[in-house]
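Hi,

Here is the structure I promised to pass on. Have a look at it first, and then read my notes below with the model open beside you.

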Amino acid sequence: MTATTATAPPALLHGVGDRALMWLDNHREHFRLTPEDRATGRGVAERLKPIGELALNMRVLFREGVAGSRQHARAGQLLDFTWRELLDGGNVLAALQHDEPFSPVPLEIYSTFHELGFRHPALESAVDVCHRTRTWPALDMVPNRRLSVLGAERRIGLPPSADFAEAVNGTWLSRLPEPWTVQYHIAYDITHTVFHLTDWGAAPDRIPPETADYLALYLPAWLEDWADLEHWDLLGELLVVDTCLPRPALDAQVWERYAAAQSETGAMPLQHGMPDGDPDDVFDTVHHPTLVAAFASAMATSRAMSAT
């Protein structure tokens, strides 16, 4: 952060998350799997991903301690709804584990709930059986996804299936490549490497110093680029990356542009403005950037308050 960079005020940062959480709560039923999803099993893992991200947001909000009483109550009710209604007390994850025993998705999603005190012993037993096979550590996956699996294993108390440092060293970010090569998919790889490396912002000190310096140097340019493109989903993820650095910038100009893009309902558009059309289609388009907005807000508000 340079001396001329103004820091976004906590009220602005918190407001983005408060509105996003309100939208997510108001649209909670759209996260629900349909009877057809359950009957056919087609795309269930993809349909479960937003549910896992919703729970992760509640975990971050509780961990950072930035929710007011109203927001905290809403988050708690939403988390309980997610576990009991959307996942049927974990039975939905157990069914997926049965159908796709070597998919890491049930473990990744369940680990968040496990950390928050929810339990499904049968699912844990099934995961443990698969985890002890030679197949489990041999599964092919990109390095930042491997970091995700290692984090999930750690959260539920399983031995690591791979070397954490080796997985980190295999990522794009660890090589400190030319910053001008960062395109769409590489940018998302960067954000997820940081998320998994720091356990979704809980341990910023896990970022190697040279990597932190690299991000501090080039992240402002990437933020400006994606803000100019009005790609609010990726911009939100990059704003989270900023909060994971030893000295986050929390750039007021970038955050003001980001907050201005949020709709009056609290939804954050994917890119440019809010889409029109069928409510289900609109939800499918904007739920992820809205989840990201809630995540970015919780992290940034916490960092801003700790700096005052």
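**What I found**

Let's begin with D25, which sits in helix α1, the stretch from residue 10 to 26. One thing to keep in mind throughout: this is a predicted model. D25 has a relative accessible area of 11%, and because the cut-off for buried is under 20%, D25 counts as buried. Leaving out residues up to four places away in sequence, D25 touches R74 and L78. Another aspartate, D242, is 217 residues away along the chain, and the C-alpha atoms of D25 and D242 are separated by 27 Å.

Next, find α6, residues 105-115. How many of its residues are buried? The count is 10 of 11, so α6 is mostly covered. The buried ones are V105, P106, L107, E108, I109, Y110, S111, T112, F113 and H114. They pack against a whole set of helices: α3 (44-64), α4 (69-86), α5 (91-99), α7 (121-131), α8 (135-138) and α9 (143-156). Just past the end of α6, G117 has a positive phi of about 100°.

The pairing with α3 is worth a look of its own. The two axes come within 9 Å and cross at roughly 25°. Angles under 35 degrees count as roughly parallel, and α3 and α6 therefore fall in that class. Their crossing is left-handed. On the α3 side the contact uses A45, L48, K49, G52, A55, L56 and R59, and on the α6 side V105, I109, T112, F113 and E115. Sorted by class, that makes seven nonpolar, two polar and three charged residues. If you are wondering about the spacing of those residues, an α-helix has 3.6 residues a turn, so residues three or four places apart point the same way.

**α3 against α4**

α3 also packs on α4, here at an angle of about 145° with the axes 10 Å apart. This crossing, too, is left-handed. From α3, the contact is made by I51, L54, A55, M58, L61 and F62; from α4, by Q71, H72, A75, G76, L78, L79, T82 and L86. By class, there are 10 nonpolar and four polar residues in this contact, and no charged ones.

**The loop between α4 and α5**

L87 is in the loop between α4 and α5. Is L87 buried or exposed? Its relative accessibility is 0%, so L87 counts as buried. Setting aside neighbours within four places in sequence, L87 is in contact with L48, I51, T82, V92, L93, I109 and F113. As for T112, L87 is 25 residues from T112 in sequence and 13 Å from T112 in space, C-alpha to C-alpha.

D88 is in that loop between α4 and α5 as well. Phi of D88 is near 50°, a positive value in a residue other than glycine. Most residues other than glycine have a negative phi. D88 is partly exposed, with a relative accessible area of 37%.

**α12, α13 and the loop between them**

You will find E230 in the loop between α12 (209-228) and α13 (232-243). With 33% relative accessibility, E230 is partly exposed.

α12 passes α13 in a left-handed crossing. L215, L219, W222, L223, W226 and A227 of α12 meet W232, L234, L235, L238, L239, V241 and D242 of α13. By class, the contact has 12 nonpolar residues, no polar ones and one charged one.

**Cysteines**

Last, how many disulfides are there? With a cut-off of 2.5 Å between cysteine sulfur atoms, the count is zero. Two cysteines to look at are C130, buried with a relative accessible area of 8%, and C244, buried with a value of 0%.

Best wishes

Note on methods: Residues are numbered from 1 along each chain as its sequence is written. This is a predicted model: local features need pLDDT of at least 70, side-chain atom pairs count only at pLDDT 80 or more; totals for chains, interfaces and linings use all residues. Side-chain values use heavy atoms; hydrogens and water are left out. Buried means under 20% relative accessible area, exposed over 50%, partly exposed in between (1.4 Å probe, protein chains only). Helices (H or I, at least four residues) and strands (E, at least two) are DSSP runs, numbered from the N terminus. Contact means heavy atoms within 4.5 Å. Axes are lines fitted to C-alpha atoms, for helices over the stretch in contact, and angles run from 0 to 180 degrees between N-to-C directions. Angles under 35 degrees count as roughly parallel, over 145 as roughly antiparallel, 65 to 115 as roughly perpendicular and the rest as oblique. A crossing is left-handed if the near helix is turned anticlockwise from the far one by less than a right angle, and right-handed if clockwise. Ala, Val, Leu, Ile, Met, Phe, Trp, Tyr, Cys and Pro count as nonpolar, Asp, Glu, Lys and Arg as charged, and the others, Gly among them, as polar.
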